[in-house]
Every structure is written in C-alpha cells, then in structure tokens.
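Please open the model in your viewer and keep the selection panel at hand, as this tour moves from one selection to the next.

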Amino acid sequence: MQMSNFRLALRNLSRRGFRSMALAVALALVVALLFAGAIAMKSISTSITLGSQRLGADLMVVPEGYQDSARATLIAGKPSVFYMPEEILDKVRKVKGVRKATPQLFLKSAEFECCTYVDILLVAFDQESDFTIGSWLKEAIDRPLEDRETIIGRSIPLATGLTMKYFGVPLKVVGDLAETGLEYIDHAAFMTLATAREMIRKSRTMSEKPLEIGEDEISVVLVQLDPAITPERAKVFVEYEVEGVKALTSQDVIGTVKQQLAVLVRTIGGIGLSLWLITVVLIGLVFSMSVNERQREMGLLQAMGAKRRNIFSLVALEAALLSLAGGLLGLGAGGGLLLACREPLRNAFKLPYLWPDTGFVLLAALSAVIAALTSGVLAAAWPAFRISRMEPYQAIRKGE
Amino acid sequence: MIEINGLNKNYQAGSQILKAVDDVTLGVEAGAFVSIVGHSGSGKTTLLSLMGGLTSPDSGVVSIDGQDLWRLGHDQRAELRNRAMGFIYQFASLLPTLTVLENVLLPTMYAKGKKGSADAAKLLDEVGLADKAKSFPAELSGGQQRRVAIARAFINEPKIILADEPTGDLDEDTEAEVLGFFRHMNREYATTFVIVTHNTALAATTNRTYRMTGGRIALV
Ligand SMILES: Nc1ncnc2c1ncn2[C@@H]1O[C@H](COP(=O)(O)OP(=O)(O)O)[C@@H](O)[C@H]1O
Ligand SMILES: [Mg+2]
C-alpha cells in the first residue's frame, strides 16, 4: 500500500461527507443549468437557421404595413392574411438581382364554418414558378398537385383521403408533408392558385363571410436572388423600385425569435453566472473553514516532511475531486433537464427541438466540467495557499 | 549531530515580551540519549520545535550535522525533517480519517525512500499493536494512539527522535516497553534521542539531563 495525496484527499472529503456532498450538489446545479442552457440555446438557434434555410427564399415581399403579420405567419404559422395586386410580381421580377420570384396567396379558414378544421392557414402557390414548396411536395406525392387537392403540414391532424370544404370548395387531402420545423409549412394546407381563386369566387355566394379579395391579388412574393447580391442590398432595391411593398430578409423573419432567444440566453446565463459566483464564494468559505479546522493536521504533515506545495496540492486536490464530482453530477442532471424540457421548449419557440450534433454536446460537456474544475480549484486556492504558508509549529499549536 | 548556539525565541504576551527560549546553547552528539525536564511553560516544547526546524528562532543558530537549519530553503528543511527527524508529540497526533497503518505510513509519502506496509507492520509489532493495523484512531485508547505515533516517528529511519513527553499517558508497563524500544533503537541504530519528560526516573537513566527554567537551560 502507498500513501498518497489522492488517498488523503479522498479520506478528508468523505470524513465530511455531508459538507462535501452539499458543495458538489451546489456546483452540479450550476453545471446542469449552464450545460442544459448551452445545449438548448444551440438547438434553438440551429432550428432557426435550419428553418429559414428550409423556407428556401432569400426575400419575402409583402404589402407595406404587414411586415409583422407576415413574420407571425412565416414563423409561427399563425394564420393572418394580407393582400397586394398581382402586378407586383412582375415588378419584383424586373428588380436587379432577382433570379426567381413566385407568388403565394394566404387564405384564413373562416371561423364557425361547418365541417372544416378551423384556424389553419391555406396557402396557395403557383406550381409553375414555385421553388420553395415543390421539393417538399415531391417527397410527399411525387406528382403535381391537382386543383381541389391539398397537401397538409405535419401539425394538422387530418388523414389522407379526407375531403374538407372551405368556402364552398371541396378540398381533398392527398398527402402530408414531413415535419419541416417551419410552422408556416407544418401548420398550413397547400393548394393550387386556381383552387384559391375558386374559393374566393364561391365565397361570395356560398359562405356566410365572403372573402374580400380581388381575383388578381396575392399575399407574398417569394424571391430567390443572384448569389452575387446580398439579401440586404436586394431588399433596398425592391423597396425602392416597387411601390407599396416591404421586403423581408430571412434575418428579418427570424429576428423576433432571435430576440426571444437572446432574452432566454441572458436569463439563463445570468442566473447561471450568479449561481456560479455564489458557489465559488461558498467553496472558498467552506475550504477556509475546513483548512482552519485542520491546521494541526497540516502542521503535522509539514513536520513529517510535507513541502509547501504538497500541502497546497492536497487542498487543491480535494477541491478538484469535489468539483469533478459536482461537474459530472451536473452533466447528468443537465441532460435529464434537457430531456424533460423538450416539450416546453418546443412549444415556447414553435420550433422542432433538434439535439445538437455530438461534437457540440461533447464540447459543451467538456467545457462545463473544466469550468467546474477550475472554479472549484480557484476558489480553494487562497485557503490552500494560506495554510501551506503557515509555520509548522504555529499550525500545530493552533489546533490546540 | 545537533548544535545549538545562543538560541532565542520570544513571544508577545499582551504588552510584555515572553522569553520562551532564552539564550540556549547546547550540543547533542550523534547517538546520545538526552532528556529535558522542567516545569510546564518553561519552554521545553518550544526548544524541541526549534531543534526540528518547525519554528524559526529570533536569533541564534540551530544546526543539524553542521547544516544551519535556517540557511536552508523551506523545501530543503522539509526534506531534512522527512529524512532525518522523527517527532513525537505531547498530544494526539494521528489523522482521524486514516487507519493505523496509513498513519504510520504518512511520512513515507514525502520520502523517496522505499519504506512500505511491511516496515510499518514491523514497527507496529514492535510497539505491540500488530493487530490494530486496520483500526482507526478513534477505536484505540489514548495510550495505543500514542504508540502508533511513536511507530510513525520511526518509519523513515530517522537519525534523530525529538520526543515531547512521549510516555505521558502510558501506564507503567507500556511506558517501560516503549522506553525499552527507544533504548533498543538507540543501541542498534545509534539513533539520537532528545526526550522531554516529567518522569525523573526516566531522566535519571539518560546520558544527560537538562533542566529548563523560564526559557533558560542548565545541565543537571
Ligand atoms: N505560539 C506561541 N505564542 C505565544 N506564546 C507561546 C507560544 N508557544 C509557546 N508560548 C509560550 O511560551 C512559553 C513556553 O511554552 P512551551 O514551550 O510550550 O513550554 P513547555 O513545553 O515547557 O510547557 C509558555 O509560556 C507558552 O505560553
Ligand atoms: Mg510542552
């Protein structure tokens, strides 16, 4: 058997088991919060980026004054409707830097209408010029959509084959889309532009609440840009050349979510950091106390030949072991927290919860443990230094 | 072996200066068996601590084998203590978290030497505690704990043993055993002993006895 600082440190920690445990748990709490926070932030921000990529458009041209509703629709899939003349499409197509432009028309399913699934967004798109929804459709049915047919987003609980009726026009569900992470798609029913126009016409005679939309109106123009031009510049061009519209970049669209996210980051980060600070102070205090109680012991070790650095490293090692235990405990707790918060997070942000890639998780875990370790050791550093500098005889007598 | 010259150690006691060790000069040659007697508070423990380099003198020199302790660096002094000195204290000095065997092995932690469990077990046997190796200090009587501390002082085969009332709480038989063990180590290995004691009978059997009075020392 060999005596070592390691064995001594372990024995000292277990002698004051409750105290050691309490410190480890405090640190674990901080680690759990920061680790889970980092992972959650990362997954939310990946979801946002992915979502805006999936939208597939560089710019969204909407009628002036409806930017906020447009954002709500695109991000939250919240049915809101706004319209502008179809001629805008041709004007947009002529703007410098615009490669493709496609119109979409949003209809809000009327409330109180019989036999419909209320409160969904009906999205009509132009199959000819479309470059955004087509790829999703293709995966779902692998043929163009006929008139009076619809493909529904994943969040709408309706079975394929069912026929709904909107504004007097029957709409047959022919398929559903895979989850996209974009509520505007997940929460919408897609149909051809011709179907939408038929609904507008029929609503005037068949519906209690006729749609007040001209037959040549559209809601948005989605734009794909030349790679050579930045969305920010193209936005300026569009707004300058086409009267009465605003152009949203995907940054604009996800801006609100980003803001929400930033608030969350600040809150969690703030709580985590203050807890951390408190924990570090706590560890410092407890180690000061424990080192004071053990002055004689430390003096005895010095009399047996312990050098200052042996004493210092004994105390530091105790702190390190404790912090490591706390850190690992925290990782476990943080992982559990993440799993538990999956649903609330998903609901809060209307985004799919995407687990970040393993590399990031490992990196976050490693950083959290290293942070716990260093803060624990740093907190104990001063008491460790102080006790290591005591004259052995004084230390031995102090314990009396 | 131990050379002490004009040694002084003062403490501040309120507004007064307390001369705990007052101009002490003495020499202890290698293999000597020396005792120090004196009333409580006369400075015996302080002097022993000065000899072991556990506390620094205000003036004067302590040298071990010709080496001025306070000209050595802190680490070198620690090494010297580890290699050449064994301390036995007035009070319980075992680490409560460690077993008896581990306690005895503590000084080997800081030594490059190859002392191990077997050596510790042998020493425990010599102080009559072979069967207590795995016990914890709290499970032992005061006298047994003291004997463990004695075994620990010998583990690195020191040249000097500085013992502060080492038999204070031992019964007569055990005291005789321990002293026999000291004598044995002194004869076999020429270990130098400086023993602070109240026991005048013990003092009488040593090569030389000093008496301390108010920090000053005199040969008896
Ligand atoms: N660290 C200290 N601080 C203040 N006074 C001390 C200290 N160490 C010893 N003394 C005082 O020095 C005197 C000698 O103490 P000590 O060497 O322990 O005597 P002894 O061992 O002979 O009983 C005592 O009066 C004691 O109170
Ligand atoms: Mg004393």
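**Around ligand 1**

Begin by selecting ligand 1, where, of the 14 residues around it, Arg397(A), Gly41(B), Lys44(B), Thr45(B) and Thr46(B) come nearest, a residue being near if one of its heavy atoms lies within 4 Å. The model is predicted, with local features needing pLDDT of at least 70 and side-chain atom pairs pLDDT 80 or more, while totals for chains, interfaces and linings use all residues, and side-chain values use heavy atoms, without hydrogens and water. Residues are numbered from 1 along each chain as its sequence is written, with chains lettered from A and ligands numbered from 1 in the order in which they are written.

Colour by chain next, and ligand 1 is found between chains A and B. From chain A, show the side chain of Arg397(A), which has an N or O atom 2.9 Å from a nitrogen atom of ligand 1. From chain B, show Lys44(B), with a polar side-chain atom 2.9 Å from an oxygen atom of ligand 1, and then Thr45(B), where the corresponding distance to an oxygen atom of ligand 1 is 2.7 Å. The protein covers 76% of the 560 Å² of accessible area that ligand 1 has on its own (Shrake-Rupley method, 1.4 Å probe).

**An aromatic pair in chain A**

Now select Phe82(A) and Phe106(A), whose ring centres are 5.8 Å apart with planes at 80°, so the pair is edge-to-face (centres within 6.5 Å, planes over 60 degrees apart).

Notes:
Polar contact = N/O pair within 3.5 Å; in protein donor to acceptor, adjacent residues only side chain to side chain. Phe/Tyr/Trp six-rings, centres within 6.5 Å; stacked < 30°, edge-to-face > 60°.
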